[in-house]
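Subject: The structure you asked for

Hi,

Here is the structure I promised to pass on, with some notes to read alongside it. Have a look at it first, then carry on below.

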Amino acid sequence: MVFSNEQRRRADTVRTMSSLLLDSAALQRTFARMAHEIAEANPDVGSLVLVGIQRGGVPVARRLAFELGQVFGRPVPCGTLDVTFYRDDLNQRTAPTVNPTEIPGDIQGKTVVLVDDVFFTGRTIRAAMDALHEFGRPSRVQLAVVIDRGHRQLPIRPDVVGKEVATLLSQSVQVRCSQGGVDDGVFLRDTATLSSAPSVS
Amino acid sequence: MIWNRKHLLDLQSLSAEEIIHVLDTAREFKAVGERSIKKVPALRGKTVINLFVEPSTRTRISFELAALRLSADVINFSAEASSLKKGETLKDTARNLEALNADIIILRHGASGAPHFLARFLGAHVLNAGDGAHEHPTQGLLDVFTIREKKGRVDGLNVTILGDILYSRVARSNIWALTKLGAKVTLCGPPTLVPKSFESFAPNVRVTWNIDEALRDADVINLLRIQHERQKASMFPSTGEYAALFGLNTARMTKVKSDALIMHPGPINRGVEIASSIADGPQSVILEQVTNGLAVRMAALYLVNGGASLQVAG
């Protein structure tokens with residue numbers, strides 16, 4: 001996406017106004033704790049599959065899969081899921097970009113942990129459950145999220161939560177963890193000044 | 001990249017960025033076709049009408065299956081058994097279909113510009129499935145999709161299009177897509193079917209009537225069928241002579257690069273433009289083009305459906 005200078009200037013303004021919810025070290029500890037909670041709930045590592053929801057959930061799922069690999073001493077399969085076609089607002093917008101869906105192996109009878117970065121209205125997770133079931137019938141589906149920011153619109157509850165944060169609807173939460181370095185962290189931004197920007201959901 | 005086109009009428013008016021966006025989207029739809037459940041609800045509740053005023057089997061089936069795999073409802077309308085035979089105009093036919101709340105109309109027509117004409121007054125989305133000798137955008141897109149998938153790039157490749165260029169909408173759509181993505185295009189065939197004037201079509205297009213020269217450096221060879229149905233006069237003495245002078249036979253194949261792709265939009269005439277052993281050989285990607293055509297058409301339907309109605313057609 002190409003930004004105009006004006007958009008860039010505004011984005012810079014917002015960045016300076018954003019507050020840090022978790023720094024790189026705290027985020028790393030959060031991932032480690034989430035991995036242990038997933039491991040505790042799922043001692044049978046052979047039936048465990050992590051699936052990151054495109055796009056924010058994908059790097060989170062990879063990090064959790066890495067941590068779980070350390071805990072179990074063997075790799076845990078990790079895939080990606082694009083929920084675009086299953087969204088309930090698909091017809092209210094221009095065709096969103098479709099990202100890869102890669103489900104590792106057969107999920108029939110497995111425990112699938114859906115992973116997302118920010119848990120908000122619950123609509124993405126509803127779409128994800130529909131999308132996932134096209135690939136088979138898992139014995140259980142769980143949900144792991146880094147940030148639960150509230151404002152649920154559907155009766156969906158996460159199993160593993162990194163941090164609960166009270167937010168305003170006008171704010172957005174950004175989880176940055178693809179680099180695995182010092183730039184990582186969770187940020188709360190006030191988007192009221194950036195009315196034209198798409199909200200992170 | 002945000003796709004904001006209401007219609008897909010031609011490739012001439014698309015930017016390289018838009019073409020790449022369709023190809024990237026098609027890649028994800030190809031993956032959908034490889035699943036055990038090959039259907040997604042992207043066009044659930046939408047009505048797609050295949051308006052094929054000129055006969056076609058493969059393109060119609062490909063579009064029909066593409067729409068079905070997106071969960072749309074599809075109606076096929078062919079000219080032979082229709083009100084067009086009773087003297088209804090294309091405009092009235094299209095308006096009647098729109099009155100049935102059609103969301104997308106896929107038009108195949110013998111007249112160049114027919115889809116552009118519909119797009120001017122219809123509220124529905126219009127997809128060009130081939131208009132006269134003008135364009136066949138989804139064929140051009142599936143050809144560059146196949147090249148990109150097999151070669152990893154399009155930029156800098158030498159692509160030879162061999163055969164009936166003059167009457168070919170496939171050639172025109174290919175020329176636009178290939179040159180926009182940075183390929184060098186060589187057109188070859190009998191002088192009556194490959195006018196020198198095609199060199200002014202787009203940059204990086206050259207015409208040669210020497211088949212050995214056209215094949216030598218080619219990374220991709222796209223063979224086109226002789227379109228007898230479109231030729232008003234005899235453009236060459238006989239099919240036998242065409243096969244001898246411009247057919248891709250085993251002797252010529254020995255001079256072709258060993259990793260060159262052999263493509264053909266179909267239907268193929270074995271023994272005329274291509275020898276049977278080459279059509280079925282290891283360098284042929286003819287059937288993969290068919291598979292990719294489905295993915296590209298799913299992508300085109302999906303993107304056009306989401307395209308806002310802001311764009312002025314033309």
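Predicted model: local features only at pLDDT ≥ 70, side-chain atom pairs only at ≥ 80, totals over all residues.

After H6(B) comes Gly182(B), which has a positive phi, near 95°.

Now zoom out to the whole of chain B. The C-alpha trace spans about 55 × 45 × 35 Å along its principal axes. As for burial, 47% of the 314 residues of chain B count as buried.

How much of the contact in chain B is between residues at least 24 apart in sequence? Counting contacts between residues at least 6 apart, the share is 75%. One pair to look up is Asn4(B) and Gly306(B): they are 302 residues apart in sequence, yet their C-alpha atoms are 7.6 Å apart in space. Asn4(B) sits in the segment before helix H1 (16-33) of chain B. It is partly exposed, with 15 other C-beta atoms within 10 Å; the cut-off for buried is 20 or more, and for exposed 12 or fewer, so a count of 15 falls in between.

Chain B is also split into domains. The assignment gives domain 1 (16-136 + 293-306) and domain 2 (137-290). Their centres, taken over C-alpha atoms, are separated by 26 Å. Where they meet, 19 residues of domain 1 are in contact with 22 residues of domain 2. On the domain 1 side, the elements giving two or more residues are H1, strand S4 (125-131) and helix H11 (286-306) of chain B. H1(B) gives the most, with five residues. By class, that side of domain 1 has nine nonpolar, six polar and four charged residues.

Next, a few strands to trace. In chain B, strand S5 (residues 158-162) has four of its five residues buried, so it is largely enclosed by the rest of the structure. S5(B) pairs with strand S6 (residues 184-188) of chain B in the parallel sense, over five bridges. One bridge to find there joins Leu162(B) to Cys188(B) in S6(B).

Chain A has antiparallel pairings to set beside that. Strand S8 (residues 185-190) of chain A is joined by three bridges to strand S1 (residues 19-22) of chain A, and the two run antiparallel. Ser19(A) has Leu188(A) as its bridge partner. S8(A) is also joined to strand S7 (residues 171-176) of chain A by six bridges, again antiparallel. There, Ser172(A) is partnered with Arg189(A).

Last, the two chains touch each other: 12 residues of chain A are in contact with 18 residues of chain B. On the chain A side, the residues divide into six nonpolar, three polar and three charged.

Cheers

Methods. Residues numbered from 1 in each chain as written. Chains lettered and ligands numbered in written order. Contact = placed C-beta atoms within 7 Å. Domains from an automatic or database assignment. Nonpolar A, V, L, I, M, F, W, Y, C, P; charged D, E, K, R; others polar. Pairing = 2+ DSSP bridges.
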